Amino acid sequence: MDGRAGRGPAMGGVLDRIHHADCAGFMRDRLPDDSIDLSFWSPPYFVGKSYEKCLDFAGWQDLIRRVVAEHARVLKPGCFMTVNIGDILCFPDPEMPRIQADCSGSKRAAVTRSDALRARRENPGATRRELAKILGCSEQTVQRRLEHNNVRGGKYSVGTRVMPTGWMVAGWAEEAGLHLYDKRIWHKDPAWMSSRWHSLSYRAVDEHEHVLVFWKPGITRHDRDRLSPSEWSEWGSRGVWEIPSVRRNRRHEAEFPEELARRVIRLLSPEKAVVLDPFVGTGTTSCVARREGRRWIGIDSDAGCVEIARERTGACGP
Ligand SMILES: C[S@@+](CC[C@H](N)C(=O)[O-])C[C@H]1O[C@@H](n2cnc3c(N)ncnc32)[C@H](O)[C@@H]1O
């Protein structure tokens, strides 16, 4: 982490600015090799936010893979790429067998799916009406039990699975030569809507995200004085970070809290380090980097975000 930049374009006009661009192209064209001390970013998560609408899943994967690959080039050896990402808890997948919820709480008839299946096995060729008579229930109940009408998410909707996107990023990083060195859990607060929790589900609500720290091989300077003793014991050495999410969010659908960026920046970079956020959104990382005495580079493809981030970085800090 010694402040030198290697081959590639010079850094002139790049530092301490918010750039309106596609980040993969910008990094390729404008950032020299070995020029970045720390990057901290939260990409689109592919969970239906408005700024993700232009991407399908393959396009999303391709974008993140390219951005990770550029990091392997632009990071200084011994430095870190830090990614905040949440798993997709309800990823629609037509191949996913649908959960068949035997919802005893709301059932009027006591007949279960196993009862109906047994009756059909023991009476091969029986009609639905005959099965209903045998079981002592309505035909509709027989149909519901046999045809899986009580299916989680509705009869006609596609099944959903958990998609552990953080591990996908880890795979692309490894491919590019960056190694998963550390991880923290950001424990925020229950996000009821994004978990799509409802009464037929045993699924957990969405209340944490990952902070994954990838290392580019090289000499890393460990500086114990970077944090105060209380910072080390309260969060520097802790695996779970309790930080409320940004709730009243008129600026952006997915802004992360300044405290998250502050911890990552203070923990993983020295003063005057160059901190990159290729998906800078409203400028949180850059704003905090500036306040913490670091140099900064922010990139976003959305003109509205760029405007907010420019205003925010200009207005904050010393
Ligand atoms: C999860 S948000 C980041 C929010 C940010 N951390 C904050 O605190 O405001 C992801 C951002 O990535 C931006 N984005 C999506 N695709 C991009 C691309 N190809 N290049 C640059 N930015 C992109 C979106 O416009 C969005 O602002």
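1. A quick word on terms before we start: a residue is called buried at under 20% relative accessible area, exposed at over 50%, and partly exposed in between, using a 1.4 Å probe and protein chains only. On that scale, 46% of the 318 residues of the protein chain count as buried.

2. Please keep in mind that this is a predicted model, in which local features need pLDDT of at least 70 and side-chain atom pairs count only at pLDDT 80 or more, while totals for chains, interfaces and linings use all residues. Residues are numbered from 1 along each chain as its sequence is written, and side-chain values use heavy atoms, with hydrogens and water left out.

3. Now the overall picture. The protein chain has eleven helices and ten strands; these are DSSP runs numbered from the N terminus, with helices being H or I of at least four residues and strands E of at least two. A contact here means heavy atoms within 4.5 Å. Among the chain's contacts with a separation of 6 or more, 76% link residues 24 or more positions apart. The accessible surface is about 16500 Å², and carbon and sulfur atoms hold 51% of that; such areas come from the Shrake-Rupley method with a 1.4 Å probe, and for residues only the protein chains shown count as cover.

4. A ligand nitrogen atom is 2.8 Å from an N or O atom in the D22 side chain. Of the 610 Å² of accessible area that the ligand has on its own, the protein covers 96%.

5. On to helix α1 (residues 23–30), where C23, A24, G25, F26 and M27 are buried. Their cover includes β1 (17–20), α2 (57–74), β9 (274–277) and β10 (295–300).

6. Strand β2 (residues 36–41) is largely enclosed by the rest of the structure, because six of its six residues are buried. It runs parallel to strand β3 (residues 75–85), joined by five bridges, and L38 has F80 as its bridge partner there. β2 is also parallel to β9, through two bridges, with S39 opposite L276. Strands count as paired if DSSP finds at least two bridges between them.

7. Strand β4 (residues 88–92) has four of its five residues buried. Its pairing with strand β5 (residues 160–163) is antiparallel, over three bridges, and F91 is partnered by R161.

8. Beyond its neighbours within four places in sequence, S286 is in contact with I18, V280, W296, I297, G298 and T313.

Terms used:
Polar contact = N/O pair within 3.5 Å; in protein donor to acceptor, adjacent residues only side chain to side chain.
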